[in-house]
Amino acid sequence: MRASPISNRKDAQVSDHPVHGFIRNIRFDNYPARMEGRRCVTLIIAVYLFLSYLAPSYGESKRHLRASQDSELKFSRAPLTILYGSETGCAQELAERVGRECLRRGTPSRVMALDRFVIGRLPSLQDLVILVATTGQGEPPKNMAKNWKFLLRKSLPTNSLEGLRIGVFGLGDSAYKKYNWMGRLVYRRLAQLGAKPVNTLDEGLGNDQDPAGQDTKFVPWVSKILDVFAPIDPNGPPLPDLPPPTLNLSYNTPLQDAHEPPKNDIDQRLLARSLFLRERDSGEEDAYVMATVQSNERVVRAGVNTSEVRVIRVAVDEGVKYEAGDVLYLLPDQPSSRVHSLCRRLGVSRNTNVTFSRANTSHEWNPRTVGLMDLIQSTLDVNSASAGRWFIELMAYYATTTREADKLKYFCSREGSEELYEYNKREKRTVLELLSEFPSVHLPLERFLESCPVLMPRAFSIACSPHTKIQTSDKPNPALPHSRKTIEICAKVVRSVTPWGRHREGLCTGWLRNVSVGTRVAVRVEKGKFKIPPNEQKPLILVGPGTGFAPVKSLVEDRIANAKATGEWPPAPMAIFFGCRHRDKDYIYREEMEMWENNGVFTRGGGIFRAFSRDQREKRYVTDEIERQGALLWDMLEKGASIYVSGSAKSMPDDVFRSFRNVIATHGKKSLLEASRLLLSLEQKGRYVSETW
């Protein structure tokens with residue numbers, strides 16, 4: 001049964017303290033179904049609150065105080081809570097930088113994703129640091145969405161967080177319309193609840209377009225807030241150059257395996273990843289399942305200046321559930337040759353076994369032993385991600401020549417931050433390249449493991465409905481199981497040229513380009529934003545240029561399958577907008593679109609409207625087609641249509657929004673302001689949804 005909020009107790013004697021008002025908004029779920037009696041429920045709530053408020057604080061304080069003792073920083077303080085919301089790992093990296101500097105100054109800290117924090121403890125804190133990124137069209141990262149939703153409750157008292165001092169930093173990119181949206185919202189919302197910011201809003205808004213990237217604002221911001229939250233003790237000992245390692249590590253190479261190539265076992269790699277991320281406390285929750293590649297086809301004609309788009313189908317167990325509009329996360333494989341090169345550079349055998357446990361903690365941790373190759377290949381990004389500042393600082397410390405040490409120290413200084421950003425981030429220089437370009441650096445293995453970027457899974461919109469039986473053009477492989485379901489994704493191979501003219505290829509899409517049928521890969525399914533309205537008779541308006549057509553395809557297939565299953569054929573009207581550069585070079589899913597048209601899918605209205613931008617003298621985009629079909633779209637909107645937009649997050653979503661605004665203004669006889677308000681109202685009701693990347 002669901003327990004009632006504590007505020008529902010009629011006989012509760014609750015004071016007006018802001019903490020109590022905050023707590024009354026927390027719902028406590030998952031009590032045993034047979035628990036009866038108000039007093040039992042009340043007792044459980046009281047115990048839960050006691051553990052939430054006191055136990056974590058005591059345990060964490062004990063752990064971090066021991067850490068400060070181990071680093072010979074003798075004065076103790078309450079641990080500083082540092083929370084982050086991170087989608088790609090950038091906000092997490094900056095949060096960990098704050099935590100390391102706190103420890104160096106003698107202030108213990110606890111760094112975690114916002115959703116891992118017990119939200120009921122928030123009013124009991126004195127100081128809080130929070131760093132947040134913005135994803136999509138102004139949405140919060142997934143690892144903060146749950147607790148952020150709680151903080152938005154209108155029932156929270158405006159004095160809930162009185163006495164709490166906060167430092168807020170937002171990571172953003174002004175090339176996007178909703179630049180630093182979440183940073184602004186978090187700053188203002190916490191202030192509305194009574195918290196007192198120690199930095200101004202503008203001081204805490206980072207921008208990738210600045211000369212030194214996020215560091216342009218982050219470096220002065222972190223100096224300011226730590227002077228408040230973690231001041232340096234003028235009477236204390238000198239500060240150490242580095243905080244102590246976060247991992248206890250030992251390693252060895254079995255003699256019988258010294259010259260044998262390591263086994264390529266993906267199950268062992270996933271186990272190594274799971275164990276290591278838990279000890280490193282990275283915050284990522286791994287829950288992968290194994291899939292088998294069924295087919296891998298290029299879907300557009302090869303030629304000069306044409307992009308390479310591939311459709312990959314993988315088989316998963318029947319127990320893996322997904323719906324149209326969901327997202328498949330795929331863990332890429334790194335080239336073994338690059339991992340071998342890294343091992344040689346670090347001076348360790350590729351057959352080395354490493355045993356590690358978390359350092360500087362009062363908790364009992366069982367040491368974990370894994371193969372080094374398994375660990376690096378599955379967990380540490382050595383071939384695509386740029387190293388963080390902490391990695392550069394460690395390189396500077398362990399450089400053995402004056403020239404290289406001075407150069408690296410300059411990179412880490414405020415004066416050299418812009419040059420570092422150009423050299424490292426904008427140039428997309430990898431960890432392996434950095435170590436190769438500074439050969440005097442001898443980084444201890446434990447320092448490398450704690451500072452190397454984590455290999456992140458890549459997200460792809462699922463391009464099929466679970467109700468559609470997929471036929472592959474490849475011949476059946478008797479080695480593949482047939483009692484499994486198929487998931488399809490569509491991927492464009494990412495290629496780019498750096499400012500210094502170096503050619504780059506995306507780690508995951510480059511790997512997918514060559515992955516062979518029968519290969520086992522690690523995947524997980526997560527909910528996407530696209531959901532077909534429960535009323536199947538409502539019209540749909542779908543916009544998906546380029547590979548943004550993948551989730552559109554899944555929604556259309558799902559609606560077709562449901563219409564056939566219920567006997568309500570043909571399906572409700574659907575207006576589909578697809579765009580690419582050339583009909584003969586970039587037209588993906590052409591056969592599927594023509595089949596829908598020939599099979600009467602659009603008998604009740606709508607249709608497919610294509611825009612090939614480079615096939616004529618005047619460029620024509622999906623936005624032009626949207627305005628050309630304005631009368632049809634306004635009629636569909638009046639009948640309750642929902643709009644779904646997917647594709648590139650840069651300019652396309654804003655351009656599409658303006659086109660729909662123009663359609664409403666022209667055919668609905670409204671002003672542009674009224675049309676914009678109508679679209680925003682649809683967005684709030686879930687009838688205007690964007691899935692962009």
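User: Which residues of α13 are buried?
Analyst: Ser417, Leu420, Tyr421, Tyr423 and Asn424. Buried means under 20% relative accessible area, with a 1.4 Å probe and protein chains only. Helices here are DSSP runs of H or I, at least four residues, and strands are E runs of at least two, numbered from the N terminus.

User: What kind of model is it?
Analyst: A predicted one: local features need pLDDT of at least 70, side-chain atom pairs count only at pLDDT 80 or more, and totals for chains, interfaces and linings use all residues. Residues are numbered from 1 along each chain as its sequence is written, and side-chain values use heavy atoms, leaving out hydrogens and water.

User: What covers those buried residues of α13?
Analyst: The cover includes α11 (389-398), α12 and α14 (431-437).

User: At what angle do α12 and α13 pack?
Analyst: About 105°, with the axes 6 Å apart. That makes α12 roughly perpendicular to α13, a label for angles of 65 to 115 degrees. Axes are lines fitted to C-alpha atoms, for helices over the stretch in contact, and angles run from 0 to 180 degrees between N-to-C directions.

User: Which residues meet there?
Analyst: Lys407, Tyr410 and Phe411 in α12 meet Ser417, Glu419, Leu420 and Tyr423 in α13. Contact means heavy atoms within 4.5 Å.

User: New topic. What is the strand order in the open sheet?
Analyst: The 5 strands run β19-β18-β17-β20-β21, with parallel pairing. Two strands pair if DSSP finds at least two bridges between them.

User: Which strands stand at the edges?
Analyst: β19 (606-612) and β21 (688-692). Each has a single partner strand, so one side of each lacks a neighbour in the sheet.

User: How many bridges join β18 and β19?
Analyst: 7, in the parallel sense. Helix α19 (residues 590-598) lies across both strands, at about 150° to β19.

How values were computed: Angles under 35 degrees count as roughly parallel, over 145 as roughly antiparallel, 65 to 115 as roughly perpendicular and the rest as oblique. Buried means under 20% relative accessible area, exposed over 50%, partly exposed in between (1.4 Å probe, protein chains only).
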